[in-house]
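This report describes selected local features of one model. The entry under discussion is shown below.

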Amino acid sequence: MYCCEQMSDLSDRDLVRIGPMHSLGDGRILTEIDTEYHLRFGEARPSYVGLNYCPFCGRALSRELWNREKKK
Ligand SMILES: [Zn+2]
């Protein structure tokens with residue numbers, strides 16, 4: 001589920017949310033990336049920023065990129 005130790009750590013600290021986009025209803029998603037990995041900013045009404053790549057290990061995290069890979 002986690003690509004690396006650092007991502008798991010961020011999720012433990014609730015700085016990253018991993019799950020379907022509709023489960024992020026408590027905040028605002030600032031990107032239009034088809035991904036289940038979002039950075040989380042703020043408390044009461046958080047902002048979410050989708051990730052194409054893991055900033056730590058560089059693994060592709062978005063469906064957009066996976067689909068692009070498949071077409072190759
Ligand atoms: Zn990673």
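## Terms and basis

A residue is called buried when its relative accessible area is under 20%, exposed when over 50%, and partly exposed in between (1.4 Å probe, protein chains only). The model is predicted, and local features need pLDDT of at least 70, side-chain atom pairs count only at pLDDT 80 or more, and totals for chains, interfaces and linings use all residues. Residues are numbered from 1 along each chain as its sequence is written, and side-chain values use heavy atoms, with hydrogens and water left out.

## Serine 11

With a relative accessible area of 18%, S11 is therefore buried. S11 belongs to helix α1 (helices are DSSP runs of H or I, at least four residues; strands are runs of E, at least two; both are numbered from the N terminus).

Beyond its neighbours within four places in sequence, S11 is in contact (heavy atoms within 4.5 Å) with Y2 and V16.

## Zinc site

The SG atoms of C3, C4, C54 and C57 coordinate the zinc ion at 2.3 to 2.4 Å. Donors are N, O and S atoms within 2.8 Å of the metal (3.2 Å for Na, K and Ca); water is not among the atoms, so sites may look incomplete. Along the chain, the donors have the spacing C-C-x49-C-x2-C. C4, in the segment before α1 (5-12), and C54, in the loop between β4 (47-50) and α2 (63-71), are 50 residues apart and link distant parts of the chain. Both C4 and C54 are buried.

## Aspartate 14

D14 is located in the loop between α1 and β1 (16-18). Although D14 is not a glycine, its phi is positive, at about 60°. D14 counts as partly exposed because its relative accessibility is 28%.
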